[in-house]
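Work through the exercises below with the sequence and the model side by side. Try each task on your own before you read the worked solution that follows.

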Amino acid sequence: VFFAKEMLKDKNQSLMGKRCLILGSGKNARAVAEKLLEFGAIPLTFSDESGHIYEPNGIDESKLRTIANIKTERGAMLGRYVISSTTAKFNEPGSVFDIPCDLCFPCGQIKSVDAEAVTKLADNGCIGVIEGGHKNVTIEGRHALKSRGVMYGPHIVTLTGCNICNAHGHNLPGDTLEKEVNRIYNDVKSAATEFNARGDLFAGGSMVGFWRVANAMLSHGAV
């Protein structure tokens with residue numbers, strides 16, 4: 001979510017009022033929803049093996065707690081949520097990607113966002129896809145995002161937040177984490193620009209990762 005904030009800042013926008021699809025419903029997906037609410041964004045969906053739930057007016061803190069309770073019960077599927085909500089829709093529309101949104105945060109299955117999904121997202125007004133899990137977007141999906149001009153926050157960049165927390169301890173203050181994310185985002189953005197891939201955070205992240213590994217090897221005497 002911090003990376004999404006930085007990406008939007010470059011476009012003179014903020015997370016405030018942004019309608020967000022969340023794919024997945026595990027701890028990571030729920031943490032994304034919690035942080036989005038902090039920044040004034042509006043989570044709309046969660047999904048699991050049973051399908052997806054959609055709250056047209058958004059998922060607030062109370063609804064998020066209900067979803068968390070359902071998911072922490074062994075074997076419980078999201079479909080149970082509609083019993084506790086008069087406004088929720090379950091598997092309606094048939095594809096979660098048909099729901100109009102501003103941003104999409106895939107936090108579930110690998111390769112859950114392909115080129116067809118990107119087309120639907122872009123057609124429905126989505127301006128950015130930010131991975132909250134490993135390899136949620138397929139290679140074809142990445143190409144489609146680029147061709148449609150949709151912002152893309154790749155997992156090789158966005159998941160560095162987890163590594164920062166592990167390195168500094170899980171009680172890391174939010175403002176410190178945000179500063180670290182800002183530093184990494186600018187490093188990645190600068191690397192992409194330097195190698196004629198302006199705006200391509202996947203390319204920039206790959207380059208920064210390579211440099212860090214290469215420098216570490218050199219410091220140990222490798223050639």
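**Exercise 1. Work out the strand order of the five-stranded open sheet and find which strands stand at its edges.**

Step 1. The strands of this open sheet follow the order β2-β1-β6-β7-β8, and their pairing is parallel; two strands pair if DSSP finds at least two bridges between them, and strands (E, at least two residues) and helices (H or I, at least four) are DSSP runs, numbered from the N terminus.

Step 2. At the edges stand β2 (42–43) and β8 (151–153), and each has a single partner strand, so one side of each is left without a neighbour in the sheet.

Before going on, note how the model is to be read: it is predicted, so local features need pLDDT of at least 70 and side-chain atom pairs count only at pLDDT 80 or more, while totals for chains, interfaces and linings use all residues. Residues are numbered from 1 along each chain as its sequence is written, and side-chain values use heavy atoms, with hydrogens and water left out.

**Exercise 2. Follow the pairing across this sheet, strand by strand, and name a residue pair for each step.**

Step 1. Begin with β1 (residues 19–23), which runs parallel to β2 and is joined to β2 by two bridges, with Arg-19 standing opposite Ile-42.

Step 2. On the way from β1 to β2 comes helix α2 (residues 27–38), and the three together make a right-handed β-α-β unit; right-handed means that, with the strands pointing away from the viewer, the path from the first strand over the helix to the second runs clockwise.

Step 3. β1 also pairs with β6 in the parallel sense, over four bridges; Leu-21 stands opposite Cys-104, and Leu-23 stands opposite Pro-106.

Step 4. β6 and β7 run parallel and are joined by two bridges, with Leu-103 opposite Gly-128. The chain passes from β6 through helix α4 (residues 115–123) to β7 in a β-α-β crossover that is right-handed.

Step 5. Finally, β7 (residues 128–130) pairs with β8 over three bridges in the parallel sense, and the bridge partner of Ile-130 in β8 is Gly-153.

**Exercise 3. Describe the three-stranded open sheet in the way you described the five-stranded one.**

Step 1. Its order is β3-β4-β5, and its pairing is antiparallel.

Step 2. β3 (45–48) and β5 (89–90) stand at the edges with a single partner strand each, so one side of each is left without a neighbour in the sheet.

Step 3. β4 (residues 51–54) and β5 pair in the antiparallel sense over two bridges, and Tyr-54 has Lys-89 in β5 as its bridge partner.

**Exercise 4. Two residues, Ala-197 and Phe-195, are found in the loop between α8 and α9. Is each one buried, partly exposed or exposed, and what does each touch?**

Step 1. Ala-197 has 16% relative accessibility and therefore counts as buried. Not counting residues up to four places away in sequence, Ala-197 touches Ala-192 and Ala-203.

Step 2. Phe-195, at 42% relative accessibility, counts as partly exposed. Leaving aside neighbours within four places in sequence, Phe-195 is in contact with Met-207 and Trp-211.

Step 3. Phe-195 and Met-207 are twelve residues apart in sequence, and their C-alpha atoms are 8.9 Å apart in space.

Methods: Buried means under 20% relative accessible area, exposed over 50%, partly exposed in between (1.4 Å probe, protein chains only). Contact means heavy atoms within 4.5 Å.
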